[in-house]
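Dear colleague,

I am passing this structure on to you, together with some notes on what turned up in it. Please have it open while you read.

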Amino acid sequence: MSDKAELHYNGNVYQLPIIEGTQNEKALDISRLRGESGLITLDKGFKNTGSTESAITFLNGEEGILKYRGYSIEELADKSSFVEVSYLLIYGELPTAEQLKSFQAEITNHTLVHEDVKSILDGFPSKSHPMGVLSSLVSSLTAFYPMSLDPNRSASEVNGTIIRLLAKLPTLAAWSYKNRMRQPVVYPKNSLDYCSNFLRMMFALPTEEYQINPVVAKALDKLLILHADHEQNCSASTVRIVGSSHASLYTSVSAGIAALWGPLHGGANQAVIEMLENIRRDGGDVEKYVSRAKDKSDSFRLMGFGHRVYKNFDPRATIIKKAADDVLKELGVDDPVLDIAKTLEEIALNDEYFVARGLYPNVDFYSGIIYRALGIPTDMFTVMFAIGRLPGWIAQWKEMRENNEPIGRPRQVYTGYTSRDYVTIDKR
Ligand code: CMC
C-alpha cells in the first residue's frame with residue numbers, strides 16, 4: 001500500500017504523506033499543503049481532523065473500544081483504582097506497588113489548600129454554579145504558586161504542579177459545594193483514600209460524625225476511572241491548545257473545566273437528570289419527548305444520547321448502566337427516574353431516527369442516576385466529571401509539552417467584506 005496520497009488540483013499533483021498509528025488508523029499529513037498549493041483544509045468542529053499524534057488513549061467509535069495506555073476500560077474499571085489509573089495516564093505505565101504508595105502519599109500530602117483561598121470562595125454568591133467556582137479557584141492557584149506560571153521549568157517542578165492539582169481539586173470541588181450551601185468548609189483528612197476524603201469534605205457537618213459508606217466510595221472511584229480520559233475531546237483539546245501557548249498547567253486545566261461545563265460535553269450529565277425529571281413531572285410520556293427530539297423545528301435533544309465518535313455504543317455507558325443497577329440495589333434506593341431512563345433508552349434504540357444516525361446512550365446517560373443515588377446534588381455532577389477527567393487533562397498537557405508541539409492556531413476561510421471606505425460620522 002502506498003504511503004502517500006495524491007491531490008490533483010489546477011493541473012498540479014501534490015503528494016500527501018500518510019501517517020499510520022499503532023492501531024492502523026491512517027491520516028493524511030497536510031501540514032505542507034498550504035505552502036505548496038495555497039490550499040487549506042476546512043472541517044468545522046474538527047469532525048475529521050487529527051490535531052496531534054497521541055499515545056495516551058485509544059478509542060474506536062465503530063467497535064466501542066476504549067483503552068488507556070493499551071489497557072481496556074473494562075479491565076481497569078473492574079480491577080484498578082482511580083489513583084492508579086491517574087498514574088498510568090500521566091506517566092505511561094502502571095505503577096509498581098512502591099511507586100503507587102509514594103504517588104498516593106505525595107497526593108495526600110498536598111490536599112490542603114492555602115487558607116486565603118477561602119476568602120476568594122467567600123466572594124462568590126451562594127447561587128454560583130460550582131463549575132464556575134471550580135474553574136476560577138483552579139486558575140487562582142497560579143497566584144499561590146507563581147513558579148508554576150513558567151511551564152518550562154524543571155520536570156520535577158512541573159511534577160509538583162501535577163501532584164498539587166490532583167491533590168487539591170477534590171478539596172476545591174467540595175468547597176465550591178459548601179459555598180453554595182453556605183456551610184463551613186471541611187478540611188481534608190489524610191488518613192482517608194481519595195474518594196472517601198472527597199465525600200467527607202462534601203457531606204460532613206460540624207454538628208455530627210460523618211460515616212463514609214464504602215459502597216458509595218467504591219462506586220465513585222469506578223465512575224472517576226470511566227471519566228479519566230477520552231482522547232481529543234472538546235475539553236482535552238482546550239487544555240492542549242491553551243497549554244500550547246506555554247500557559248501554566250493550572251490555567252490550562254481551568255480552561256478545560258470551562259470547556260467541560262457546556263451541556264453538549266460534560267454538562268450533559270446534569271442536563272440528563274433535569275430532562276428525566278422534567279419528563280416525570282410532565283406525566284412520564286416518554287414517546288412525546290422522543291418525538292420532540294426527532295422534530296427538526298424543535299431545539300430539544302435527548303440529552304445523554306449521541307456521541308461524536310461512538311456510533312454503535314459507548315463502552316463507558318454499558319459499564320455505568322450495570323453499575324447504576326448495582327449501586328441502587330446495594331443502597332436500597334428506588335429512583336423512578338431510572339425507569340424513565342430505561343424506557344427512553346428502549347424506545348430510542350428501536351427508533352429508525354436514532355438507529356440511522358448511530359445515536360446511543362453515552363457515558364452521561366446513567367452517570368447522573370448513580371450520582372443522585374450517592375447523594376451528589378445535580379449541579380455537582382459536572383464537577384464530578386471534572387475530578388475524573390483531571391488525570392486525562394494532565395496527561396494530554398504533559399504529552400503536548402514533552403513533544404514540544406507548536407502553538408495551536410487554526411486557519412480560516414474568510415467570508416466577510418473585502419474592502420470598504422471608512423465614512424466619518426458627525427460625532428458632535
Ligand atoms: N437527540 C436528537 N438528535 C440528535 C442528538 C440527540 N441527542 N444528537 C445528535 N442528533 C442528530 C442531529 O440532529 C443530527 O441529525 P441530522 O443528521 O438529521 O442533522 C445527527 O444526529 C448528527 O448530530 P450532530 O450534532 O451533527 O453530531 P455531533 O457529532 O456534532 O454531536 C453530540 C455529538 C454529543 C454533541 C450530540 O450527539 C448531542 O448534542 N448529544 C446530546 C448531548 C450529550 O449527551 N452530550 C454528551 C456527550 S458524551 C460526554 C462527553 O464526553 O462529552
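A residue is called exposed here when its relative accessible area is over 50%, and buried when that area is under 20%. By that rule both D426 and R428 are exposed, and their side chains meet in a salt bridge with an N to O distance of 2.9 Å. Please keep in mind that this is a predicted model.

A search of the whole structure finds 21 salt bridges. One of them joins the side chains of D379 and R180, at 2.7 Å from N to O; since D379 lies in the loop between α17 and α18 while R180 belongs to helix α7, the pair ties together parts that are 199 residues apart in sequence. D379 is buried, with a relative accessible area of 16%, whereas R180 is partly exposed at 23%.

The side chains of K321 and E345 also meet in a salt bridge, at 3.3 Å from N to O, and because K321 lies in helix α14 and E345 in helix α15, this pair ties together parts that are 24 residues apart in sequence.

On the surface, K47, K296, R301, R308, K311 and R357 gather in a patch of positive charge. Of these, R301 lies in the loop between α13 and α14 and is exposed, with a relative accessible area of 59%.

Finally, three strands form an open, antiparallel sheet in the order β4-β5-β6, in which β4 and β6 are the edge strands, each pairing on one side only. Two bridges join β5 to β6, and K67 stands opposite S72 in β6.

Definitions and conventions
Residues are numbered from 1 along each chain as its sequence is written. This is a predicted model: local features need pLDDT of at least 70, side-chain atom pairs count only at pLDDT 80 or more; totals for chains, interfaces and linings use all residues. Side-chain values use heavy atoms; hydrogens and water are left out. Patches are made of residues with over 30% relative accessible area and no salt bridge: like charges are joined within 9 Å, nonpolar side chains (Val, Leu, Ile, Met, Phe, Trp, Tyr) within 5 Å. Accessible areas come from the Shrake-Rupley method with a 1.4 Å probe; for residues, only the protein chains shown count as cover. A salt bridge is a side-chain nitrogen of Lys or Arg within 4 Å of a carboxyl oxygen of Asp or Glu. Lys and Arg count as positive and Asp and Glu as negative; His and the chain ends are not counted. The place of a charge is taken as NZ of Lys, CZ of Arg, CG of Asp or CD of Glu. Helices (H or I, at least four residues) and strands (E, at least two) are DSSP runs, numbered from the N terminus. Buried means under 20% relative accessible area, exposed over 50%, partly exposed in between (1.4 Å probe, protein chains only). Two strands pair if DSSP finds at least two bridges between them.
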